[in-house]
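Have the sequence and the 3D view open side by side.

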Amino acid sequence: MTVTGLREAKKQETRQLISDQATRLFVAKGFEQTTIAEIAEAARVAKKTVTNYFPRKEDLAFDHQDEFVASLARTVAAREPGESALSALRRDFLDAVERQDPVAGFAGPEFSRMIADSPTLAVCLRGLHDQREDALAAALAEATGAAAGDITPRAAASVLGGVHRVLFARIQELTLAGRGNPEIAAVVGPEAEQAFALLEPALGDYARA
């Protein structure tokens with residue numbers, strides 16, 4: 001491995017260590033009650049190192065937020081020939097349910113409780129859903145060649161993103177009720193089919209590749 005490669009690997013190792021220690025403390029003490037100083041001490045790094053890797057405290061809790069925000073837009077961009085945006089998003093979500101993907105909401109009871117118990121993280125999560133819908137709207141505009149200012153991609157993104165919000169919340173609800181991931185997947189899969197089917201009359205052919 002090159003010197004540059006070693007340096008990048010070390011950075012990733014440090015970043016992961018900080019994230020893991022932060023999550024452990026958030027779960028044990030609560031998000032609001034945990035300080036950056038405590039996280040730095042647990043990770044055996046300086047406070048400045050923590051904030052260099054994670055500029056906001058919320059970033060420590062939502063370590064995969066970039067993947068979350070980009071997920072729907074990426075699915076639309078990668079849809080199969082002849083596949084509509086709705087079909088691609090439905091297929092991708094059902095695949096995520098089968099994998100019990102944390103990005104889809106299968107984050108486990110401790111992490112889910114951490115978010116539910118923190119007003120700050122609840123607000124941050126809503127913001128991430130908003131950002132994801134904005135990214136989806138941009139992807140739909142590009143996919144359909146919509147004119148600047150056309151409201152259609154934004155309206156479609158709001159509807160499609162809204163279903164994902166409901167399903168994400170449903171997974172969290174079942175998790176907090178004590179259901180295990182396999183049981184949640186068995187419940188949410190059919191519910192997702194039902195939810196996406198509601199959109200078929202309006203969006204079944206929208207943004208077809």
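Find tyrosine 53. Setting aside neighbours within four places in sequence, tyrosine 53 is in contact with Lys11, Thr14, Arg15 and Ile18. Contact here means heavy atoms within 4.5 Å. Tyrosine 53 lies in helix 3, residues 47-53. Helices (H or I, at least four residues) and strands (E, at least two) are DSSP runs, numbered from the N terminus. Tyrosine 53 and glutamine 16 are 37 residues apart in sequence, yet their C-alpha atoms are 9.8 Å apart in space.

Is tyrosine 53 buried, exposed or partly exposed? At 25% relative accessibility, tyrosine 53 counts as partly exposed. The cut-offs are these: buried is under 20% relative accessible area, exposed is over 50%, and partly exposed is in between (1.4 Å probe, protein chains only).

A word on the ground rules. This is a predicted model, in which local features need pLDDT of at least 70 and side-chain atom pairs count only at pLDDT 80 or more, while totals for chains, interfaces and linings use all residues. Residues are numbered from 1 along each chain as its sequence is written, and side-chain values use heavy atoms, with hydrogens and water left out.

Now step back. The protein chain has 11 helices and zero strands. Its C-alpha trace spans about 55 × 45 × 35 Å along the principal axes. The chain has 209 residues, and 42% of them count as buried. Take the contacts in the chain with a separation of 6 or more: residues 24 or more positions apart account for 71% of them. The accessible surface comes to about 11,000 Å², and 55% of that belongs to carbon and sulfur atoms. Such areas come from the Shrake-Rupley method with a 1.4 Å probe; for residues, only the protein chains shown count as cover.

What does the UniProt record mark on this chain? Its unreviewed entry lists residues 12-72 as "domain: HTH tetR-type". Over residues 12-72 the chain is 75% helix and 0% strand, with the end C-alpha atoms 26 Å apart. Over residues 35-54 the chain is 75% helix and 0% strand, and the end C-alpha atoms are 13 Å apart. UniProt positions are in the numbering used here, feature names are shortened, and annotations may be inferred rather than shown by experiment.

Next, look inside. In soluble globular proteins, nonpolar side chains tend to be buried together. A nonpolar core is a set of buried Ala, Val, Leu, Ile, Met, Phe, Trp, Tyr and Cys residues joined through side-chain atoms within 4.5 Å. The largest one here has 32 residues, and Phe93, Leu136, Leu140, Leu160 and Val188 have the most contacts inside it. Helix 5 (65-77), helix 6 (85-99), helix 8 (119-144), helix 9 (152-176) and helix 10 (181-197) each supply at least two residues of this core. Helix 9 gives the largest share, seven residues. A second, separate core has 25 residues, including Leu25, Phe62, Phe68 and Ile115.

Stay with phenylalanine 68. Rings of Phe, Tyr and Trp (its six-membered ring) pair if their centres lie within 6.5 Å; planes under 30 degrees apart count as stacked, over 60 as edge-to-face and the rest as tilted. By this rule there are three aromatic pairs. In one of them, the rings of phenylalanine 68 and phenylalanine 168 have centres 5.9 Å apart and planes at 75°, so the pair is edge-to-face. The pair links distant parts of the chain: phenylalanine 68 is in helix 5 and phenylalanine 168 in helix 9, 100 residues apart. Both are buried.

Phenylalanine 68 also has a charge over its ring. Arginine 132 lies over the face of phenylalanine 68, at 4.1 Å from the ring centre. The rule asks for NZ of Lys or CZ of Arg within 6 Å of the ring centre and within 35 degrees of the ring normal. Likewise, the charged end of lysine 57 sits over the ring of phenylalanine 31, 4.6 Å from its centre.

Apart from neighbours within four places in sequence, serine 118 is in contact with Phe31 and Glu32. Serine 118 sits in the loop between helix 7 (109-116) and helix 8. With a relative accessible area of 1%, serine 118 is buried.
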